[in-house]
Amino acid sequence: MIPLLILTPLILLAALGAVWKARPVHAALLLALTLALNAILYLVLSADFIGLIQFMVYVGAVAVLIVFSLLITRPGDEAEEIARRPRSLVTGLACSLPVLAVMLFIVSRFENAGQAVADARSVSIEQLGTTLFTTHAPAVMAVGVLLTAVMIGAALFAREPGKKTQTPSDS
Amino acid sequence: MSLLAVQFAPFPQITREALPLLPKTLVEWLLAGFGAPEWLVLIAGFLVAAATVVGVFAGGFALLSLVERKTLARAQNRIGPNRAGWFGILQPVADGIKMLTKEDIVPAKAEKLLHLLAPIMIVVPSILALGVIPYGREWIPVPLELGLLFFFAVGAMTEVSIFMAGWASGSKFPMLGAMRAISQMVSYELPLMICALGVVMVSGTLSLPDIVDKQGGFHLGFIPAWNLFTPWGLVAGLLFYVCSIAEANRCPFDLPEGESEIVAGHMTEYSGFKYALFFMGEYLGLFAISGLGITLFLGGWQAPLPGLDFVPSWIWFFAKLCAVIFSFLWIRATFPRVRIDQLMRFAWLCMIPMALLTLPAAAIWHFTGRGFLSWVVTVPLLLIPWVIITVIYNKRLAPTLRTYHFAE
Amino acid sequence: MTPLAMLLTLSSLMFTLGLLAVLTRRNAILVLVGIELMLNAANINFIGFWRYGPSDPALTGPMFVLFSIAIAAAEAAVGLAIILMVFRHTRSTDLNKLDSLHG
């Protein structure tokens with residue numbers, strides 16, 4: 001419980017920074033921090049495998065991808081970053097605050113939240129692997145096809161339009 | 001805890017295998033003797049074990065900086081540092097004093113907090129990664145069940161910190177160096193993980209001490225059962241070797257920090273102690289990934305011949321580490337730097353297909369009995385695509401004849 | 001407040017923050033940041049219920065989170081590729097400027 005009490009405000013502060021900060025690179029780095037704290041949360045909840053996968057995939061790949069794209073799409077050295085108060089803040093708050101209210105209402109009405117399960121609930125890696133490839137095998141195959149399609153699609157998107165792959169003919 | 005309550009338990013037996021654990025055993029025995037509570041003995045033991053590992057590898061880093069300069073010098077037909085002590089042995093001390101007493105310059109356009117955090121965030125993952133490698137039969141700092149996954153997870157932290165170092169410096173060369181470094185690290189991390197995946201598949205475990213245990217024993221009486229001496233292991237081991245050079249940003253893959261190209265890449269705007277931290281992080285990362293390669297493919301702390309078990313296992317590990325690091329230095333002295341497009345092409349068009357092929361090769365090797373038949377079946381599966389890839393790769397990218405245009 | 005209730009509150013707040021980012025940010029890439037936050041909030045929910053709920057031999061919690069992480073990574077890749085393509089055409093990632101289909 002105590003690690004949860006320490007982690008929750010940190011995660012929320014980092015997420016708030018990711019949502020609110022004006023400079024894009026700061027927001028992206030705060031997203032990386034949020035994801036890393038999330039991974040630590042999973043480790044605290046004894047989901048070891050998922051926590052380490054979160055580190056590897058989200059912090060190591062997705063966050064890096066986002067900061068890389070921010071570098072490529074920089075507005076240029078002389079342009080300033082986007083202004084602090086977004087124009088549609090009122091609309092945004094009007095749409096998201098009701099969602100928050102409904103979710104918190106459901107959480108407060110949740111009666112079984114009282115039992116803290118005593119066992120550590122840690123799962124061995126063999127169990128995880130066996131369950132993944134027997135019970136959830138069709139899902140694994142579907143995700144494999146999806147990821148291959150995504151890789152090919154992203155590579156096609158990223159090509160320079162109108163040119164074949166460049167071969168350096170001379171230095 | 002009072003000195004009047006001193007009653008020491010008998011000092012535990014220290015075998016040669018457990019010799020590096022001597023500081024930890026000593027501290028725990030002393031504290032328990034003085035009547036310290038359980039948790040204090042435990043925490044003190046952990047701290048001393050961590051300090052041992054960090055101390056050994058920091059000392060190794062200092063020694064390596066000297067050995068590297070001497071080796072490169074000899075390869076280039078000169079002598080290398082020999083002024084700062086007998087054969088230059090005090091050169092690392094001189095370098096350390098120089099780094100520590102230099103002025104710490106931070107550019108005016110730099111982001112102060114990120115600029116400060118970046119070197120720390122590069123050293124921390126390397127030290128964390130050193131904690132899960134089994135150095136000896138009884139010397140493993142943290143025996144994790146998911147050790148290999150932990151290693152790759154902390155490796156992923158390095159990428160974000162290189163970006164922070166490059167971007168927070170606020171100038172063009174670091175930015176360019178950081179972009180190149182990130183693209184290189186991401187591209188070469190894939191074959192690294194796929195090769196490690198082959199080892200995990202055959203060993204059936206993610207825990208590094210268990211992977212080393214499974215490589216015990218000898219074929220035909222004298223060939224060690226290391227993963228390198230299997231058909232898929234040979235290919236996967238070589239790919240892992242090349243990828244670890246790329247991951248550690250060493251020549252021929254040191255484009256992110258090539259001195260003749262972009263000054264020092266993401267480390268350009270750093271001086272003094274922060275630069276020393278970058279340097280240390282890079283070399284500790286090199287130790288970590290070489291240690292992982294030795295654990296996965298070269299049998300970790302296993303002895304190479306049947307009769308040599310009397311030598312303690314950690315000596316074998318460090319001997320293999322020295323051999324691998326020496327080969328890295330040799331390669332640095334020999335090869336020119338690759339260009340960024342050659343680098344990307346090599347990773348995506350040559351290494352990833354070969355790495356992916358090692359997976360079915362490992363599976364076939366396992367299911368055909370791991371004997372002579374497995375070799376016969378698996379070697380063509382790996383050799384023919386390799387020949388096709390290298391022939392195609394070489395034909396398409398061979399440089400055409402240069403035409404020189406001179407001003408008339 | 002029990003641990004499960006705290007986790008659910010955390011994930012609700014994080015989801016709302018992600019939703020706010022999607023609705024108010026002008027830079028297209030920062031909208032993607034919001035989407036990642038929302039997916040993470042859902043993942044926290046799954047792990048929370050797996051940890052503090054009845055034991056499940058099919059390990060639905062970690063399995064679903066595994067697939068969710070994989071799909072989120074794939075979606076981030078494709079989303080960023082699309083944003084980069086649009087950037088090549090219009091030299092800007094400002095969503096307010098991408099209104100050529102506006103009536």
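## A loop residue in chain B

B:Arg370 is placed in the loop of chain B that runs between helix H12 (340-367) and helix H13 (372-397). The model in which this residue is seen is a predicted one. B:Arg370 has 14 other C-beta atoms within 10 Å, and is therefore partly exposed. A residue would need 20 or more such atoms to be buried, and 12 or fewer to be exposed.

How far apart in space are B:Arg370 and B:Pro231, C-alpha to C-alpha? The two residues are 139 residues apart in sequence, and their C-alpha atoms are 10.0 Å apart in space.

## The two domains of chain B

Chain B is divided into domain 1, covering 16-101, and domain 2, covering 106-390. Taken over C-alpha atoms, the centres of the two domains of chain B are separated by 22 Å.

The domains of chain B touch each other: 21 residues of domain 1 are in contact with 23 residues of domain 2. On the domain 1 side, the elements giving two or more residues are helix H2 (38-75) and helix H3 (91-101) of chain B. H2(B) provides the largest share of that side, with twelve residues. Sorted by class, the domain 1 side has 15 nonpolar, three polar and three charged residues.

## The build of chain A

Chain A has 171 residues, of which buried residues make up 27%. What kinds of elements does chain A contain? There are six helices and zero strands, so that the order of elements from the N terminus on reads α-α-α-α-α-α.

Chain A is also divided into two domains, domain 1 (1-75) and domain 2 (123-158). The C-alpha centres of these domains of chain A lie 23 Å apart. Among the contacts in chain A with a separation of 6 or more, 55% are between residues 24 or more positions apart.

## How the chains meet

Two pairs of chains are in contact, and chains A and C share the most contacts. Chain B and chain C, by contrast, are joined by no contact. The closest C-alpha atoms of chain B and chain C lie 14 Å apart.

The contact between chain A and chain B takes 20 residues from chain A and 23 residues from chain B. Helix H2 (24-44) and H3 of chain A are the elements that give two or more residues to the chain A side. Which helix gives the most to this side? H3(A) does, with twelve residues. The chain A side divides into 15 nonpolar, three polar and two charged residues.

## The largest nonpolar core

In soluble globular proteins, nonpolar side chains tend to be buried together. The largest nonpolar core of this model has 163 residues. The residues with the most contacts inside this core are A:Ala28, A:Val59, A:Ala63, A:Ile66 and C:Val33. Helix H3 of chain A, residues 48-72, supplies the largest share of the core, 17 residues.

Leaving aside neighbours within four places in sequence, A:Ala63 is in contact with A:Ala28, A:Leu31, A:Ala32, A:Leu35 and A:Tyr58 in chain A, and with B:Val160 in chain B.

Key
Residues numbered from 1 in each chain as written. Chains lettered and ligands numbered in written order. Predicted model: local features only at pLDDT ≥ 70, side-chain atom pairs only at ≥ 80, totals over all residues. Core = buried A, V, L, I, M, F, W, Y, C linked by C-beta atoms within 7 Å. Helix = DSSP H or I, 4+ residues; strand = E, 2+ residues; numbered from the N terminus. Contact = placed C-beta atoms within 7 Å. Domains from an automatic or database assignment. Nonpolar A, V, L, I, M, F, W, Y, C, P; charged D, E, K, R; others polar.
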